[in-house]
Amino acid sequence: MSTLERWTRWPAGDVPIRERSSRARITLSLFGRTAMLGAVVFGTFAEHRYSGWHLLPPIGWIAAAAGLFTGWHLSCRARRLWPALGCAAGLLATAALAHDGGADTLASVIWCGLAVLAVIRLPLAAGLLTAGAALAGYGLGSHDSLIAMLAVAGGMGLLGYLLRLDSQARSAQRALLAQERAAQAAQAESAALAERARIAREIHDVLAHSLSAQLVHLEAARLMLDAGAERAEIRERVVAARRMAQDGLAETRQALSALRGEFAPVAEFVAELAAQSGAVLAVEGVPRPLPAEAGLAVRRVAQEALTNARKHAPGGRVGVRLAYLEGEVELRVDNSAAPRGGHPVLGDSGSGYGLLGMRERAELLGGELLAGPDEGGWRVLLRVPA
């Protein structure tokens, strides 16, 4: 910030804040203003100096001071310098009239109050000039000694500057709070979008292959009907499509349960899956709970790899290795080539999403997936942080 900006910049505490004030703060503010007004009225009329028509001037001075202080507050809140300086000039004139009319208490309150508020509310240059004019009026109107006047002037100036710093600190705190709330809202929105994307990805991964396989079976059944095929063959295709739909619904429920952290441990799931597929399972390390995304990735890759083994190498040997390593989990599925006479059976296919989907899932988690030929068969290797 340059020197010119430092002297002409409005204090940060004057920025309008849209937050609701607490009831206690509003009550305290009203009580303080009422007490101040009561003290001014009491100090002005306590000595019974005014009576009859002579009561009108002090009443007018008090009303004018109240109106001008209100206009001052609104002008400073709106950051309108010249209207604020106009109100300050009116207050100085009112204080001079009150002093000449014998209302010394009212005049002193106006001078001292304006001196403090000018340093708090106005840009520093304008505030110091206004405070100087107010304290000069107080010095000329009071009958105190020079030392007493200097002490009052210094005290008022120091009080105003300390209150100005306090107001700026509270304004900076409110700005930081607003930024924190905005960051929290953005983070919550980002988390919600990420959760929606994750759910959509899971549903897509589960249903995409299932629905496409159903279409294959139904299209085959239609062609068989057109060609006059046997009823048993057509029924087999329809039953296969029905089984695909059931598997897809079951997988969808499992995926949603997994996203909520309600699925069985990964080791148990892989063991059950390997038993159903006739694969040999080896578990290394101590099984431990995995994060939802990592556990779901292992489940999906195991399903897809075993499904592909049944589809493309029926009757071949399949081995599954699940290793709990330090900071990650590793899944390896090996299958040999299909023996002679083995033919792919589409009806035995499970739900999956292909190597591309498996690789994308692993990369999203910061892991890797390797798949390719290995010693005449096929190997799928997944590593994900966990």
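Analyst: Two strands pair if DSSP finds at least two bridges between them. Keep that rule in mind for what follows. The model is predicted.

Start with the whole chain. It has 11 helices and five strands. Of its 386 residues, 34% are buried. Take the contacts between residues at least 6 apart in sequence: 70% of them join residues at least 24 apart.

Now the sheet. It is an open sheet of five strands, in the order E1-E2-E3-E5-E4. The pairing is mixed. E1 and E4 (368-374) are the edge strands, and each pairs on one side only. On average, neighbouring strands of this sheet are turned by 10° against each other, direction ignored.

Look at one end of that order. Strand E1 covers residues 280-284, and strand E2 covers residues 318-325. Five bridges link E1 and E2, and the sense is parallel. Glu 284 stands opposite Ala 323 in E2. How does the chain cross from E1 to E2? The path goes through helix H10 (residues 292-312), and this β-α-β crossover is left-handed.

Go to the other end. E4 and strand E5 (residues 377-385) run antiparallel, joined by seven bridges. Here Ala 371 has Val 380 in E5 as its bridge partner.

Helix H9 (residues 266-277) lies across E1 and E2. H9 runs at about 175° to E2. H10 lies across E2, strand E3 (328-335), E4 and E5. The angle of H10 to E5 is about 175°.

For contrast, here is a pair of helices. Helix H4 (residues 81-100) and helix H6 (residues 124-141) pack at about 5°, with axes 11 Å apart. That angle makes H4 roughly parallel to H6, because angles under 35 degrees count that way. On the H4 side, the contact includes Leu 81, Leu 85 and Ala 88.

How values were computed
Residues are numbered from 1 along each chain as its sequence is written. This is a predicted model: local features need pLDDT of at least 70, side-chain atom pairs count only at pLDDT 80 or more; totals for chains, interfaces and linings use all residues. Side-chain values use heavy atoms; hydrogens and water are left out. Axes are lines fitted to C-alpha atoms, for helices over the stretch in contact, and angles run from 0 to 180 degrees between N-to-C directions. Helices (H or I, at least four residues) and strands (E, at least two) are DSSP runs, numbered from the N terminus. Angles under 35 degrees count as roughly parallel, over 145 as roughly antiparallel, 65 to 115 as roughly perpendicular and the rest as oblique. Contact means heavy atoms within 4.5 Å. A crossover is right-handed if, with the strands pointing away from the viewer, the path from the first strand over the helix to the second runs clockwise. Buried means under 20% relative accessible area, exposed over 50%, partly exposed in between (1.4 Å probe, protein chains only).
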